[in-house]
Amino acid sequence: MATEAGLTERDYQHLLRFRTELRRFLRWSEERAKAEGLTAAQHQLLLAVRGSAEEGGATVGEVADALLLRHHTASELIDRAVGAGLLRRERDQDDHRVVRLHITRRGAGKLARLSRQHLEELARLRAGIL
């Protein structure tokens with residue numbers, strides 16, 4: 001039976017199931033990051049840097065956009081990641097005003113382990129709800 005919005009009870013049940021599983025996934029992801037000694041934000045930062053399509057490395061602005069953060073908030077997160085030995089900054093060779101971000105060996109190892117776990121979990125979810 002359709003509701004006033006033209007949606008069925010089944011539609012609402014599907015949406016609830018999806019949102020519930022999404023929240024479970026995010027909590028699971030935070031727990032995995034914590035087990036690697038990272039915050040969820042650091043994990044997302046490493047993924048934004050490693051997954052960047054920029055040839056010379058991600059910029060602070062690109063990372064801020066990917067993480068839906070303001071530039072100064074992203075800069076603070078990057079500062080902490082650099083201090084933790086997860087990232088390093090380098091000036092762009094062509095435009096010295098631009099700072100490029102690169103993942104360190106330590107950061108890459110943590111991200112690779114987390115990424116394998118996340119891809120496995122996404123495959124499990126895909127079989128169930130997606």
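Me: How many strands form the open sheet, and in what order do they stand?
Reply: A word on terms comes before the case: helices (H or I, at least four residues) and strands (E, at least two) are DSSP runs numbered from the N terminus, and two strands pair if DSSP finds at least two bridges between them. In this predicted model, where local features need pLDDT of at least 70, side-chain atom pairs count only at pLDDT 80 or more, and totals for chains, interfaces and linings use all residues, three strands form an open sheet in the order S1-S3-S2, with antiparallel pairing. The edge strands are S1 and S2, each of which pairs on one side only. Residues are numbered from 1 along each chain as its sequence is written, and side-chain values use heavy atoms, with hydrogens and water left out.

Me: Over how many bridges does S3 pair with strand S1, and over how many with strand S2?
Reply: Strand S1 (residues 58–59) and S3 pair in the antiparallel sense over two bridges; in S3, Arg100 is the bridge partner of Thr59, and Leu101 is the bridge partner of Ala58. Strand S2 (residues 87–91) and S3 are also antiparallel, paired over five bridges, and on that side Arg89 stands opposite Leu101.

Me: Why is strand S3 described as largely enclosed by the rest of the structure?
Reply: The general idea is that in a regular strand the side chains alternate between the two faces of the sheet. Accessibility is then read by class, where buried means under 20% relative accessible area, exposed over 50%, and partly exposed in between (1.4 Å probe, protein chains only). Four of the five residues of strand S3 (residues 99–103) are buried, so this strand is largely enclosed by the rest of the structure.

Me: Which residues line the largest pocket?
Reply: Rolling a probe the size of a water molecule over the atoms shows where empty space is left. The rule works on a 1 Å grid over the protein atoms alone: a cavity is a set of points where a 1.4 Å probe fits but cannot get out, a pocket is an open set with protein on both sides within 12 Å along at least five of seven lines, and lining residues have an atom within 4 Å of a point. Grid points are joined across faces, edges and corners, and a volume is the space filled by probe spheres set on the points. Here the largest pocket holds about 310 Å³ of space, and its lining consists of Phe25, Leu26, Ser29, Glu30, Ala40, His43, Gln44, Leu47, Ser115, His118, Leu119 and Leu122. Helix H1 (9–35), helix H2 (40–50) and helix H5 (105–128) are the elements that give two or more residues to this lining.

Me: How is that lining divided by class?
Reply: Ala, Val, Leu, Ile, Met, Phe, Trp, Tyr, Cys and Pro count as nonpolar, Asp, Glu, Lys and Arg as charged, and the others, Gly among them, as polar. On that basis the lining of the largest pocket has six nonpolar, five polar and one charged residues.

Me: Which residues form an aromatic pair, and is that pair stacked or edge-to-face?
Reply: Rings of Phe, Tyr and Trp (its six-membered ring) pair if their centres lie within 6.5 Å, and planes under 30 degrees apart count as stacked, over 60 as edge-to-face and the rest as tilted. The count by this rule is one aromatic pair, formed by Phe25 and Trp28, which is stacked at 5.8 Å centre to centre with 25° between the planes. Both residues lie in helix H1, three residues apart, about one turn of the helix. Phe25 is buried at a relative accessible area of 14%, and Trp28 counts as buried at 18%.

Me: Which residues does Glu121 touch?
Reply: Contact means heavy atoms within 4.5 Å. Glu121 lies in helix H5 and touches Phe25 and Trp28, not counting residues up to four places away in sequence; at 14% relative accessibility, Glu121 counts as buried.

Me: Is Gly107 buried or exposed, and which residues does Gly107 touch?
Reply: Gly107, in helix H5, is buried, with a relative accessible area of 0%. With residues up to four places away in sequence not counted, Gly107 touches Leu46, Gly85 and Leu86.
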